[in-house]
Amino acid sequence: MAILSVNAGSSTLKFALYPVDQGAVQPSVLVGSYEGLEPNGAPMLKYGYEGEIRSVPLDCLSREPFACALSQLKNLVLTLPNIPKIQAIAHRIVHGGSLFTQSVISTTSILKELSKLNVLAPLHQPHNIEGVRAFANAFPDIPQVLCFDTAYHKTVSSIESAFALPAEITSQGVRRYGFHGLSYQYIIGTLLDCTKRAQGRVMMAHLGNGASLCAAIGGKSIATTMGFSALDGLMMGTRAGSLDAGVLLYLLDKGLTPEQLEKLLYKKSGLLGVSGISADMRKLRASKEPLAIVAIDLFTHRVVREAGAMVACLEGLDVIAFSGGIGEHDSRLRQSVCEKLSWLGIKLDETLNQAATNDAISKISAEDSAIEVWVIPTDEGLVAARDAQALLAQR
């Protein structure tokens, strides 16, 4: 038997298949993603199976791209040799709100309730939910398990999650929630297996197109940089991160509509907006344009600035872990951040830092560093698969 973990986005569909042996979820045997599922895109399937990476163009003809991709994925998992039978499908759902603080088996009423949160994560939530419905139609006899990115932060205190707004507003659920929870669950779980110091004060940095920091003590989240929505905190690929609310009032006064403002904040800001070139850190590193350098410097500064807040909440620091596409593969970013935090007693081993780009768990701090520094390639799908298996076992 196996668990299929999926993450449905606006133009992508990521998936991984995890076998289950004697009740324990094993490493994935099939990992892949569909890109270019947006209108007029160039749909492409890329997947890894039995040590080979394969790319297959997706010919959708007159069919809707996501439906076409789902049909091909279903055929793939049913026809590849040695693929175990799927017993559940685990979905990453970005926002669980106040009601959903642990994974649940999907129902029509739950999906309806989650749809009310679309406005809080418009880039992710609607597509996550539509993905659940599409998979339920394609695999009608298989349980669909919903795993929430907000759930890991349920341990954050009421003070940490509160906004300084009137009670009639905060009583509607307007508070800090935090995101990237599935990633942080994997990172902290891995750290706890690797070092005793992870029981202490840990700062995790999930740095990618979406980016945030999380402070944890004893393996539990106590603070994070994202808040009510996935717009808060760090500068990101196309999102600005924390922004003076007065800027939004100014732009509204200048005539921007709410729709234009949403597009600006979610899709036209961040690394892309500052550089005017790309949201991809790799392209900015390769560019000689002055604004590319500005974008990288600002991204680094925002990580360091928010790190200071996390260290203050932790009242010290024992471990830092980098993850996400940028955190795992950009050694210069890790070096810059650690140098700017060297007053904490952080010392990197330059050789280890340069070598830590091969998708392996790596400790990159020097032996005499006061704080351990790790690179932990994240696996959100594995966390979702474990949650799904646990729910099935309970049933």
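The expected span of a helix is 1.5 Å times one less than its number of residues. Keep that rule in mind as you explore this predicted model, where local features need pLDDT of at least 70, side-chain atom pairs count only at pLDDT 80 or more, and totals for chains, interfaces and linings use all residues. Residues are numbered from 1 along each chain as its sequence is written, and side-chain values use heavy atoms, leaving out hydrogens and water.

**Overall build**
- The protein has 14 helices and 15 strands, which are DSSP runs numbered from the N terminus (helices: H or I, at least four residues; strands: E, at least two).
- Its radius of gyration, taken over C-alpha atoms, is 21 Å, close to the 21 Å from the globule rule (2.2 Å times the number of residues to the power 0.38) for 395 residues, so the protein is as compact as a globular protein of that length.
- Of the 395 residues, 52% count as buried, meaning under 20% relative accessible area with a 1.4 Å probe, protein chains only.

- Helix α14 (residues 380-394) has 15 residues and reaches 22 Å from first to last C-alpha, close to the expected 21 Å.
- Among the buried residues of α14 are L382, V383 and L391.
- Helix α10 (residues 290-314) has 25 residues and should span 36 Å, which agrees with the 36 Å between its end C-alpha atoms.
- After α10 comes E315, with a positive phi near 60°.

**Strands around β4**
- Strand β4 (residues 30-35) pairs antiparallel with β2 (residues 13-21) over five bridges; pairing takes at least two bridges found by DSSP.
- V31 in β4 is the bridge partner of A16.
- Six bridges join β4 to antiparallel β5 (residues 44-49), where G48 stands opposite V31.

Terms used:
Buried < 20%, exposed > 50% of the residue type's maximum accessible area, 1.4 Å probe, protein only.
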